[in-house]
Amino acid sequence: MDLISIHDLSVGQRLVNVSLNLRPGEMLGVIGANGAGKSTLLHCLAGIQAYRGEIRLADTPLDTIPERQRAQQLGFLPQSSHSAWALSVRDVIALGRLPWGDTDAKAIAQAAAAAQIEDWLERQVDQLSGGQQARVWLARVLAGQPRVLLADEPVASLDLFQQQNVLRLLRRYAHSGRGVMLSIHDLSLAARYCDRLALLHEGQLLALGAPAEVLTGPHLQQAFQVDAHIDLDSDPPIIIPR
Ligand SMILES: Nc1ncnc2c1ncn2[C@@H]1O[C@H](COP(=O)(O)OP(=O)(O)OP(=O)(O)O)[C@@H](O)[C@H]1O
């Protein structure tokens with residue numbers, strides 16, 4: 001059974017009749033041009049955007065699941081997160097336990113280790129760099145140990161080394177029997193780390209499938225208006241505009 005199944009999802013003209021699924025153990029990349037609808041899709045799943053159509057978590061309609069239970073099952077990492085308070089890194093990670101109503105020290109320690117931020121636990125989050133903070137907010141979501149992790153451009157502010165670390169971490173998380181759905185602009189990284197890709201274009205699903213099925217010249221031409229050099233057989237895969 002799919003972890004998430006989406007049927008005819010619409011949000012005005014921002015998303016139009018989108019149907020797709022997330023399988024257990026899968027890392028699904030959502031790609032598309034600026035304004036294509038990637039964040040809107042993730043916001044619907046995260047419960048912060050009203051929609052028409054149906055979203056099911058396993059076999060239960062999402063809008064019938066009590067909020068707290070939904071927060072236990074679906075963890076959401078927004079595109080950018082800020083703290084208005086001078087919280088410690090440990091406090092921010094502990095926020096990930098709110099849906100469970102505990103401060104499970106083991107879950108917090110595991111999340112900090114996975115995001116490689118154990119050394120900063122007592123530091124103030126607002127005194128970290130943007131990319132460092134991004135990993136703290138990722139650890140917050142990991143601490144909740146959700147069945148489905150939703151991440152909106154989780155590597156956008158990261159350096160090359162951390163992009164790889166975070167994508168490997170998310171893939172391990174997905175492959176442990178949970179699921180990850182993330183939006184991502186770097187198509188080479190998407191091809192390398194995602195099991196399947198969903199390509200959105202002007203709010204519609206243009207293609208869904210393995211990277212080789214989705215990252216074709218005609219699809220990229222239509223979605224991004226670029227003629228791309230695509231070599232998915234090279235290691236790592238190469239996708240660059242000509
Ligand atoms: N709160 C909102 N109210 C109305 N329209 C919105 C709102 N947020 C976004 N939009 C519009 O919805 C469309 C899809 O936006 P969305 O943020 O989902 O795109 P995206 O694919 O995530 O883009 P990007 O790659 O730039 O982050 C855009 O045309 C945008 O202008």
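Okay, housekeeping. Residues count from 1 along each chain as its sequence is written. Since the model is predicted, local features need pLDDT of at least 70, side-chain atom pairs count only at pLDDT 80 or more, and totals for chains, interfaces and linings use all residues.

So, what surrounds the ligand? Arg14, Gly32, Asn34, Gly35, Ala36, Gly37, Lys38, Ser39 and Thr40 do, going by a C-beta atom, placed from the backbone, within 6 Å.

Next, the helices; helices (H or I, at least four residues) and strands (E, at least two) are DSSP runs, numbered from the N terminus. H4, residues 105–114, packs on H5, residues 130–143, at about 140°, axes 8 Å apart. Those axes are lines fitted to C-alpha atoms, for helices over the stretch in contact, and angles run from 0 to 180 degrees between N-to-C directions. Contact here means C-beta atoms, placed from the backbone, within 7 Å. From H4, Ala107, Ile108, Ala111, Ala112 and Ala114 meet Ala139, Leu142 and Ala143 of H5.

Now the sheet. Six strands make it, open and mixed, ordered S6-S7-S8-S3-S9-S10; strands pair if DSSP finds at least two bridges between them. S6 (74–77) and S10 (204–209) are at the edges with a single partner strand each, so one side of each has no neighbour in the sheet. S6 runs parallel to S7, residues 148–152, over four bridges, and Phe76 sits opposite Leu150 in S7.

Last one: which helix lies across S3, S6, S7, S8 and S9? That's H1, residues 38–46, at about 145° to S7.

Conventions: Two residues are in contact if their C-beta atoms, placed from the backbone, lie within 7 Å.
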